[in-house]
Amino acid sequence: MSQDDSSPTSSATGALAGQHVLVTGGASGIGRACAERYRAEGATVYVADLHPSSSDEILLDVADPDAWNALAESLPPLDLVHLNAGITTPGRQSLMSDVTVPLSDVTDEAYRAIMGVNLDGVFFGVRAVLPKMVEHGGGQILVTASMAGLAGMPGDVAYTASKHAVVGLVRSLGATLDAHGVCISAICPGFVATPLVPENARGFIREMGMPVIEPSQVAEAAMQALAARSNGSQWMVWGDTIRPYEMPELGLR
Ligand SMILES: NC(=O)c1ccc[n+]([C@@H]2O[C@H](COP(=O)([O-])OP(=O)(O)OC[C@H]3O[C@@H](n4cnc5c(N)ncnc54)[C@H](O)[C@@H]3O)[C@@H](O)[C@H]2O)c1
């Protein structure tokens, strides 16, 4: 019988056998594909989301530090925490635009919302899970940043700023975590076919010559980043290309 190569589980090797894994934003898109892949790799996976898609999933607002502390307390020691939940700027006019959206169009509320989920959600998450992970003997933290964490994206300036901030958090924390047995790294996908990128935008993106990949390809990138265990690294995920990003010329991460 031929195997379906597009299946999120087709290349699973049991790499996470016996591990306890938490995925935020795992009810949809990239998070869902990663959760499926981690299960296929042998892990027990806890999905936490603001909009759980089943009764097995945990309700969590990643922007709420108290909710994070309660969740970290309630779960068994985690071997992998994938901080993936994220949003684009509420009310933004255009994802792909050659005309810069005026910042005056981004309300205070929208700005706080995007920073709350994309940046606070990662900061509070790391802060809540790290002590128990260290006490347990170590583990891995993977963050879904974005290519917008490495390059400018004029269509959503606040999103880009939030993802650059997350990359900075991963880079700087990575420098110190080896000593504690913990590895933090980031995956930085380009455009992915999820509800975050509406159908009509996908056609436009492709017309501009840019790839739109499937969530299962990001799950494959996640597995490669986890296998490399390179502290502070950021992984470009662009079309079929999956590789660590290095600061041009200086070779820094
Ligand atoms: N789709 C893309 O093109 C793309 C590209 C690069 C990076 N990303 C990043 O990938 C991650 C996942 O996005 P996606 O494309 O799968 O989108 P998605 O909308 O399909 O999934 C995001 C999930 O996060 C959840 N979520 C939103 N706010 C939350 C909160 N406050 N607390 C907990 N959960 C919350 C949503 O309910 C949803 O289930 C995001 O961080 C996004 O920025 C996406």
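Trainee: How many residues sit between β9 and β10 in their hairpin, and which residue in the turn has a positive phi?
Mentor: Two residues separate the strands of the hairpin. Gly239, in the turn, has a positive phi of about 60 degrees. Strands here are DSSP runs of E, at least two residues long, and helices are runs of H or I, at least four long, numbered from the N terminus. Residues are numbered from 1 along each chain as its sequence is written. This is a predicted model, where local features need pLDDT of at least 70 and side-chain atom pairs count only at pLDDT 80 or more, while totals for chains, interfaces and linings use all residues.

Trainee: In which sense do β9 and β10 run, and how many bridges join them?
Mentor: Start with the general idea. Strands of a sheet pair through backbone hydrogen bonds, either parallel or antiparallel. Two strands count as paired if DSSP finds at least two bridges between them. Here β9 and β10 run antiparallel, joined by four bridges.

Trainee: What is the order of the strands in the open sheet?
Mentor: The open sheet has eight strands, in the order β3-β2-β1-β4-β5-β6-β9-β10. The pairing is mixed.

Trainee: In which sense does β2 pair with β3, and over how many bridges?
Mentor: Strand β2 (residues 44-49) pairs with β3 in the parallel sense, over two bridges. Ala48 stands opposite Ile58 of β3. Now turn to β1. β1 and β2 are parallel too, with five bridges. There Thr24 has Ala48 of β2 as its bridge partner.

Trainee: Is β1 largely enclosed or largely open?
Mentor: Count C-beta atoms placed from the backbone. A residue is buried if 20 or more other C-beta atoms lie within 10 Å of its own, exposed if 12 or fewer, and partly exposed in between. Four of the five residues of β1 are buried, so the strand is largely enclosed by the rest of the structure. Helix α5 (residues 199-207) is another case: zero of its nine residues are buried, so α5 lies largely in the open. After α5 comes Gly209, with a positive phi near 85 degrees.

Trainee: Which strands does α1 lie across?
Mentor: α1 lies across β1 (20-24), β2, β4 (80-83) and β5 (139-144). Its angle to β1 is about 170 degrees. Axes are lines fitted to C-alpha atoms, for helices over the stretch in contact, and angles run from 0 to 180 degrees between N-to-C directions. Helix α3 (residues 108-135) lies across β1, β4, β5 and β6 (182-189), at about 175 degrees to β4.

Trainee: At what angle do α1 and α6 pack?
Mentor: Helix α1 (residues 29-40) and helix α6 (residues 215-228) pack at about 55 degrees, with axes 8 Å apart. Under 35 degrees is roughly parallel, over 145 roughly antiparallel, 65 to 115 roughly perpendicular, and the rest oblique. α1 and α6 are therefore oblique to each other. Contact means C-beta atoms, placed from the backbone, within 7 Å. Residues in this contact include Ile30, Ala33 and Arg37 of α1, and Val218, Ala222 and Met223 of α6. By class, the contact has eight nonpolar, two polar and two charged residues. Nonpolar covers Ala, Val, Leu, Ile, Met, Phe, Trp, Tyr, Cys and Pro; charged covers Asp, Glu, Lys and Arg; the others, Gly among them, are polar.

Trainee: At what angle do α2 and α3 pack?
Mentor: Helix α2 (residues 65-74) and α3 pack at about 25 degrees, axes 9 Å apart. They are therefore roughly parallel to each other. The contact includes Trp68 and Ala72 of α2, and Phe124 and Val129 of α3. Its residues divide into six nonpolar, two polar and one charged.

Trainee: Is Arg229 buried or exposed?
Mentor: Arg229 counts as exposed because it has 11 C-beta neighbours inside 10 Å. It is found in the loop between α6 and β9 (234-238). Check its backbone too: Arg229 has a positive phi of about 45 degrees, although it is not a glycine.

Trainee: Where is Gly91 found?
Mentor: Gly91 is in the loop between β4 and α3. Leaving aside neighbours within four places in sequence, Gly91 is in contact with Thr107 and Ala110.

Technical notes: Contact = placed C-beta atoms within 7 Å.
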